[in-house]
Amino acid sequence: MTQLSPILSTNIEKAVNCLRQSDTVCILTGAGISAESGIPTFRDKQTGLWENYRAEDLANAGAFERDPNLVWSWYQWRRNLVKDKQPNPAHHALARWQQAWQQQNKAELTLITQNVDDLHEQAGSIATHLHGHLWKNRCSKCDAIYDMPIDYTDAQLIHCPHCQGFIRPDIVWFGEGLPVDEWLHAKLSARTCQVFITIGTSSIVYPAAGLVDLAKYSPYQAKIIEINPNPTDNPMVDIQIQAKAGEALPQLVNQLLSE
Ligand code: OAD
């Protein structure tokens, strides 16, 4: 395991002490938690064929309306990029923590993610996905679920067997609303938690970025912990763990679960 700097060790210890006194914890993850699995984050510069495009301009409802071929082929490319990726030590640590608390019936850990990959599930966690799923598809016109096998190497658009509309990934794009049940669950968890942890998110995309405010200003006045090698300038953060998730989380979870 990596040797941590004294300041990092102190902050992890502070986080562990805070978590030991809590019954309800809500965690929000973003693209940074999958970075060590080899999946580029959203604000990383894109490479190869896509180096002249920004992810925000492609993960976008307007872009699909204007040029469905372009957006579909980008997602097929992303699927190829993600398909062999494996959970990293951060995903595994969170899964171990969630399972341990569930088995001990000790405290509640709710995991909310903005990621569309399934690395939390592959590691054994139960996660609520606010921005949809990379591996699911639906019709852009009649909304019917499309569950036929898809060849990810084929960039050709697929048509809906019911209405001939274009099939699209079941992902929430800029300009679209979040799935209702998932969003209600996330808001409730944020409002009722005693500790709220953000991991690997730039916290600039709303409404997900607003969950931290709900937690901080709830009657429980949650303590806010941030794990990010490039800290955000959010003044609400109480404990800053400036490290990669794959380095900090295994240490944090080991200490927390070793009582
Ligand atoms: P971003 O790409 O905006 O931010 C990733 C964050 O992860 C940055 O703050 C990095 O510093 C941090 N990071 C990088 N490597 C890390 C590591 N090893 N451990 C921990 N943190 C690390 O991604 P999100 O915040 O997830 O939405 O972006 C939010 C949403 O905006 C996405 O879900 C997507 C996007 O555009 C939609 O597509 C709707």
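Predicted model: local features only at pLDDT ≥ 70, side-chain atom pairs only at ≥ 80, totals over all residues.
Residues are numbered from 1 along each chain as its sequence is written, and side-chain values use heavy atoms, with hydrogens and water left out.

Around the ligand there are 22 residues, of which Arg 43, His 131, Thr 201, Ser 202 and Asn 230 come nearest; a residue is near a molecule if one of its heavy atoms lies within 4 Å of it. By class, this shell has nine nonpolar, 10 polar and three charged residues, where Asp, Glu, Lys and Arg count as charged, Ala, Val, Leu, Ile, Met, Phe, Trp, Tyr, Cys and Pro as nonpolar, and the others, Gly among them, as polar.

An oxygen atom of the ligand is 2.5 Å from a side-chain N or O atom of Ser 202, and for Thr 201 the distance from a ligand oxygen to a side-chain N or O atom is 2.7 Å. At Ala 31 a polar backbone atom takes part, 2.8 Å from an oxygen atom of the ligand.

Elsewhere, the rings of Phe 64 and Trp 173 have centres 5.2 Å apart and planes at 45 degrees, so the pair is tilted; rings of Phe, Tyr and Trp (its six-membered ring) pair if their centres lie within 6.5 Å, and planes under 30 degrees apart count as stacked, over 60 as edge-to-face and the rest as tilted.

Turning to the backbone, a cis peptide bond joins Tyr 206 and Pro 207, with omega about 10 degrees. Asp 143, although not a glycine, has a positive phi of about 70 degrees.

Conventions: Polar contact = N/O pair within 3.5 Å; in protein donor to acceptor, adjacent residues only side chain to side chain.
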